[in-house]
Amino acid sequence: MACLEICNQNLQGDETKEEREICTLDGTLDWHGQPAIRSKTGGWVAGIIILLNQGLATLAFFGVGVNLVLFLTRVLQQNNADAANSVSKWTGTVYIFSLVGAFLSDSYWGRYKTSAIFQIIFVIGLVSLSITSQLFLIKPKGCGDENTPCESHSRLGTALFYLSIYLIALGNGGYQPNIATLGADQFDEEDSTEGHSKVAFFSYFYLALNLGSLFSNTILGYFEDGGLWALGFWVSTGSAFAALVLFLCGTPRYRHFKPSGNPIPRFCQVIVAAAKKSTVRMPSSEDELYNVDGKDCSMNHSRKIFHTHGFKFLDRAAYISSRDLDNQGQGIDNPWRLCPITQVEEVKCILRLLPIWLCTIIYSVVFTQMASLFVEQGAAMKTTVSNFHIPPASMSSFDILSVAVFIFLYRRVLDPLAGKLRKSDSKGLTELQRMGIGLIIAVMAMVSAGIVECYRLKYAKGECTHCEGSSSLSIFWQVPQYAFIGASEVFMYVGQLEFFNAQTPDRLKSFGSALCMTSISLGNYVSSFLVTVVMKISTEDHMPGWIPGNLNRGHLDRFYFLLAGLTAIDFAVYILCAKWYKCIKLEGKCEESEDQEHIKV
């Protein structure tokens, strides 16, 4: 039975056809588990609530993360290497937890419940961090700035601190992939108007994320750098609590997809069923593959996926052999022997996504330099304008401003222009094309950073090789590389969010968003690996290496050019993967026409 018919059955029989056709066509449900009514749920009302929630939650998260390395060195008295290592582990853990949140969301809890639970954990972690810092760590009061050291701490205080920040990592990591997907769920992609709004939502979602981090990087960062750590953490806590309350207030308005159960057994069933029929001769026609009838769709609220010709070995899982028909057809009811086409195509979709996802990791390596080597490079430049000192980390504000500008330019200028040039429908550049453009701009960012470093070395002060600001070149020469990174984010990360949301099966949408976050996580690890390898090779024969403690004795420019070369190679591989990639072929939500039906058993 079609989902639209189910919707109509829930409405009064004496209503006109126009009045009955007000349910969403994508199978979303309202808070009561009934088919969602378009005028009363979702849309930009729910979308704006989620965008505000994302901005406040991001402010809270980066209020802790942006200066965590300084807190570890100034308050907990760790050395630079240990502090950097601790922050890298913590950041990687945040993004690894995104897989946990995505799994629970897609399998059991649904996106709304998962987002709410992990936000509560997030708030608890922030409250614990604020109390722990104020009562156990910041002693004497006001310590932790550049001049006032803190006293040694008890094991209890240190243990509570690490428990708190990893609760924050768990809460934010599990929440992030689900809030992005829940926001996308508020727009019915089967409706042309809401379909365009869904595409726009991802751009505004990324903008909200950056605006939240802008406040953290500037205002909160300024107070924390001055030793007001407890104040900064309590502001983050208040922001996270406000985000949670706002999120819960929107509960009656949200649209939901029903969770579909653990996907791991479904994947294993396809592999096992295909392996059992490895010697079976396959038919030439796909019409002989097993499919299920329409009422199955209305039960699990997910669209069927049409058969594709790649990974043909997996098609064996959907082939109805004579053994499946033996014993009065009991083999048909055994999912470890026979799987419907949609289940097989789910596995194919994930396998096709993996090469594209792997190509995004090198981009994440470039992106992570903004929080590490860009800051170190800026610290070795002229950081004063008159008597005003510019913190090197605050230069990331130009990245955020670039994101805001390029989101506006893309939505209002580039996308409509591309649509006209292509003479197609209103859609402009595809997600894959935009991700490719993001890689090209990332190459430009690394080349720009390398050129700036060459000139920084040229103007370095020989008599001031061990102090900050050891070059007369102004830190504002870093603006182009930050602007390039911001522009590349608009094309790469926003494109990634849209691509993985659109190309993952309906029952794995949160997993698609989690892939974006794990790409950033692996980018951090690969960056650390590259730095280690480069330093080991470049420090042979007692040389200072490319990235020594004193950058005036190194060649950071060569490392930037190395990343530019690796990104260019990655772009070439990406082009091949994008040409090979086949988009998912989804059927209209629970609706079948006669010419689209497959053979039913």
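Biologist: Which residues make the nonpolar surface patch of about 630 Å²?

Modeller: The patch is made by Phe215, Ile219, Tyr222, Phe223, Leu228, Leu231 and Val235, and the elements that give two or more residues to it are α8 (192–225) and α9 (229–249). Patch residues have over 30% relative accessible area and no salt bridge, with nonpolar side chains joined within 5 Å and like charges within 9 Å; a salt bridge puts a Lys or Arg side-chain nitrogen within 4 Å of an Asp or Glu carboxyl oxygen, and areas are Shrake-Rupley values with a 1.4 Å probe. This is a predicted model, in which local features need pLDDT of at least 70 and side-chain atom pairs pLDDT 80 or more, while totals for chains, interfaces and linings use all residues. Residues are numbered from 1 along each chain as its sequence is written, and side-chain values use heavy atoms, leaving out hydrogens and water.

Biologist: Is Val235 buried, partly exposed or exposed?

Modeller: Buried means under 20% relative accessible area, exposed over 50%, and partly exposed in between (1.4 Å probe, protein chains only). Val235, placed in helix α9, is partly exposed at 33%.

Biologist: Why does Lys509 count as buried?

Modeller: Lys509, found in helix α18 (residues 509–538), counts as buried because its relative accessibility is 5%. Its side chain reaches the backbone oxygen of Asn501 at 2.4 Å. Contact means heavy atoms within 4.5 Å, and, leaving aside neighbours within four places in sequence, the contacts of Lys509 include Asp106, Arg111, Thr181 and Arg303.

Biologist: How many residues of α3 are buried?

Modeller: In α3, 17 of the 23 residues are buried, so this helix is largely enclosed by the rest of the structure.

Terms used:
Helices (H or I, at least four residues) and strands (E, at least two) are DSSP runs, numbered from the N terminus. A polar contact is a pair of N or O atoms within 3.5 Å; within protein, one must be able to donate a hydrogen and the other to accept it, and residues adjacent in sequence count only if both atoms are side-chain atoms.
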